[in-house]
Every structure is written in structure tokens, then in C-alpha cells.
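Visitor: Hi, could you walk me through this one? I'd like to start with pockets and then hop around a bit.

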Amino acid sequence: MNLNLAQPASVRRDPLPALIALVCFAAIGAALVSQHVFDMQPCPWCVLQRLIFALIGMAGLAAWAANALALRRVALALVLPLSLAGMAAALWQHFVAAASSSCNLTLADKILAQLGLDASLPEIFQPRASCADAATNLLGVPYEFWSLALFVLLGVAAAFGLRRAVR
């Protein structure tokens, strides 16, 4: 029985999945700085996007760490629907939720409540504002559009990574 856990010489680590993860965790970090330093409290749709960034980041790390090409492809392939979900959440936040004075009992609220992340990690995943109150611009661009742009870039990066996933 061979217990050698070292990476086989034939496996080449692609830095793209690690970059995907880094971008996701940086986005979450920026959101947390905005919340805890600049008092920009998140709405349920903001928090849902944080969760999606975390899932994409974990998939990116899994793709980077995987020794088997098939596992790398599966992890990168997970980024694609997650990126689409993030795009949908950002667009919904901007065009629907931000126009409402309350976003209670929306899909975002239901997902967060079912997962219990708002109770177990409230400093990261607890919504603290309504969508209308949380509407904020950064450099003249709505925050959710920055998030949307990142989700698009992450999806494109994952698609590119899938095309070039080689040993």
C-alpha cells in the first residue's frame, strides 16, 4: 500500500482555479470591510451573493488541489452554474429587491434561513438591512453591479479553465 501523498510528477497545477478562489475570498473580504468598517449593512441578497462567492471560492480551491483531471473539471464546472446564480442574484437585487422597501421572505431569506448561516456566522451571513436601505454605489456604480461583473469574470475564467484543463 502506497501512502505517498505527494503530488505525482505528471500533475501540473493550473494557477487559474487558485486565482478564482482568491478573487472570491477578496470579494467577501471587501464586503466585510464595507460592512464592519464603513457601516454598509447587507441585505439578504447581498448576503446570498457572499455565500455564492464562498461556494465558488471553495470550488476553485478544490479544482486547484485536485490531482485527477476529472475532479478538476468537475470542480471548475461547478463554478459555471454558481456564477449564473450569482449573476441572477445581483440582477434581482438591483432591478427588483432594491425597488422594494422590504425584502423579507424572499428567496434569499428562505435560503439563508434554511442553511442557518445567519445564526451560526452572523458577522458574515446575517442580513441587517432592507434591500432599499442597502442600495449603495461605489465609484458611481451600484455595489451589486460590481458583484455582477465579478460573477461574469469568474464564469468566463471557469469556462476558460475547463477548456485548458490538461495534465
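Guide: Happy to. The largest pocket has a volume of about 440 Å³. This is a predicted model, where local features need pLDDT of at least 70, side-chain atom pairs count only at pLDDT 80 or more, and totals for chains, interfaces and linings use all residues. Residues are numbered from 1 along each chain as its sequence is written, and side-chain values use heavy atoms, with hydrogens and water left out.

Visitor: What counts as a pocket, and how is a volume defined?

Guide: On a 1 Å grid over the protein atoms alone, a pocket is an open set of points where a 1.4 Å probe fits, with protein on both sides within 12 Å along at least five of seven lines; lining residues have an atom within 4 Å of a point. Points are joined across faces, edges and corners, and the volume is the space filled by probe spheres set on them.

Visitor: Which residues lie nearest the centre of the largest pocket?

Guide: Those are Ala27, Ala31, Phe53, Tyr143 and Ser147, out of 23 lining residues. H1, helix H2 (44-65) and H8 each give two or more residues to that lining. Helices here are DSSP runs of H or I with at least four residues, strands are E runs of at least two, and both are numbered from the N terminus.

Visitor: How does the lining divide into nonpolar, polar and charged?

Guide: It has 15 nonpolar, 6 polar and 2 charged residues. Ala, Val, Leu, Ile, Met, Phe, Trp, Tyr, Cys and Pro count as nonpolar, Asp, Glu, Lys and Arg as charged, and the others, Gly among them, as polar.

Visitor: Switching topic: how many helices and strands are there?

Guide: The chain has 8 helices and 2 strands, running α-α-α-α-α-α-α-β-β-α from the N terminus.

Visitor: And which residues have the most contacts inside the largest nonpolar core?

Guide: Ile20, Trp45, Leu48, Ile52, Phe53 and Ile56, in a core of 34 residues. H2 supplies the largest share, 11 residues. A nonpolar core is a set of buried Ala, Val, Leu, Ile, Met, Phe, Trp, Tyr and Cys residues joined through side-chain atoms within 4.5 Å. Buried means under 20% relative accessible area, exposed over 50%, and partly exposed in between, using a 1.4 Å probe and protein chains only.

Visitor: How much of the chain counts as buried?

Guide: That's 39% of the 167 residues.

Visitor: Which side chains meet in a salt bridge?

Guide: Asp14 and Arg164, at 2.7 Å from N to O. Asp14 sits in the segment before helix H1 (15-36) and Arg164 in helix H8 (residues 143-164), 150 residues apart. The count is 1 salt bridge, the rule being a side-chain nitrogen of Lys or Arg within 4 Å of a carboxyl oxygen of Asp or Glu.

Visitor: Are those two buried or exposed?

Guide: Asp14 is buried at 8% relative accessible area, while Arg164 is partly exposed at 34%.

Visitor: How many disulfides?

Guide: The count is 0, with a disulfide taken as a pair of cysteine sulfur atoms within 2.5 Å. For Cys46, the nearest cysteine sulfur is that of Cys43, 3.4 Å away.

Visitor: Last one: where is Asp39, and is it buried or exposed?

Guide: Asp39 is in the loop between H1 and H2 and counts as exposed, at 57% relative accessibility. Asp39 also has a positive phi of about 55 degrees, although it is not a glycine.
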